[in-house]
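Visitor: I would like to learn how to read a few features of a model like this one. Please start with the general idea each time.

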Amino acid sequence: MVGASGAISGVIAYYAVVFPDAVLGTYLRILRIPVKWFAFTAVTGFIVWLVIQVFLAILQNSKMTYISAGAHLGGAFAGLVAGIVVRIRRAEPGS
């Protein structure tokens, strides 16, 4: 499956690999009312997102949801590979 959500998943994974210590943040909201601001690293955000996607893949396999977690996980895999390649090239002497 190909779609924008799979591509965005790749960007999320790439960002987490290339900029693992970047600080991200989000509001916890209840009924559209901001309750608290949370800050976390890119790697932490990616891991939480990845756990959610695996859970959705299990639900999708059980036919309990139609969200294409497979596309999200596939895009994330591509982003991980691209991020690892970039990190290896940056680490090479003379680059």
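Guide: Start with accessibility: buried means under 20% relative accessible area, exposed over 50%, and partly exposed in between, with a 1.4 Å probe and protein chains only. This is a predicted model, in which local features need pLDDT of at least 70 and side-chain atom pairs count only at pLDDT 80 or more, while totals for chains, interfaces and linings use all residues. Residues are numbered from 1 along each chain as its sequence is written, and side-chain values use heavy atoms, with hydrogens and water left out.

Visitor: Is Ile-33 buried or exposed?

Guide: Ile-33 has 53% relative accessibility, so it counts as exposed. Ile-33 belongs to strand β2; helices (H or I, at least four residues) and strands (E, at least two) are DSSP runs, numbered from the N terminus. From Ile-33 to Tyr-14 the C-alpha distance is 31 Å, with the two 19 residues apart in sequence.

Visitor: And in which class is Ala-76?

Guide: Ala-76, which lies in helix α3, is buried at 1% relative accessibility. For its surroundings, contact means heavy atoms within 4.5 Å. Setting aside neighbours within four places in sequence, Ala-76 is in contact with Ser-9, Gly-10, Ala-13, Phe-46 and Trp-49. Gln-53 of helix α2 is also buried, with a relative accessible area of 6%. With neighbours within four places again left out, Gln-53 is in contact with Ala-69, His-72 and Leu-73.

Visitor: How is helix packing read, and at what angle do α1 and α2 pack?

Guide: Axes are lines fitted to C-alpha atoms, for helices over the stretch in contact, and angles run from 0 to 180 degrees between N-to-C directions. Helix α1 (residues 4–18) packs on helix α2 (residues 42–61) at about 140°, and the axes are 8 Å apart. That angle makes α1 oblique to α2, where under 35 degrees counts as roughly parallel, over 145 as roughly antiparallel, 65 to 115 as roughly perpendicular and the rest as oblique. The residues in contact are Ser-9, Ile-12, Ala-13, Tyr-15 and Ala-16 of α1 with Ala-42, Val-43, Phe-46 and Trp-49 of α2. By class, this contact has 8 nonpolar, 1 polar and no charged residues; Ala, Val, Leu, Ile, Met, Phe, Trp, Tyr, Cys and Pro count as nonpolar, Asp, Glu, Lys and Arg as charged, and the others, Gly among them, as polar.

Visitor: At what angle do α1 and α3 pack?

Guide: Helix α3 (residues 69–91) and α1 pack at about 35°, with axes 6 Å apart. Their contact includes Gly-6, Gly-10 and Ala-13 of α1 and Gly-75, Ala-76 and Gly-79 of α3. The class count for α1 with α3 is 10 nonpolar, 8 polar and 2 charged residues.

Visitor: How many aromatic pairs are there?

Guide: Rings of Phe, Tyr and Trp (its six-membered ring) pair if their centres lie within 6.5 Å; planes under 30 degrees apart count as stacked, over 60 as edge-to-face and the rest as tilted. The count is 3 aromatic pairs. One of them joins Tyr-15 and Phe-19, with centres 5.1 Å apart and planes at 45°, so this pair is tilted. Tyr-15 is partly exposed at 34%, and Phe-19 is partly exposed at 38%. Tyr-27 and Trp-37 form an edge-to-face pair, 5.0 Å centre to centre with 75° between the planes. This pair links Tyr-27 in strand β1 (residues 23–30) to Trp-37 in strand β2 (residues 33–41), 10 residues apart.
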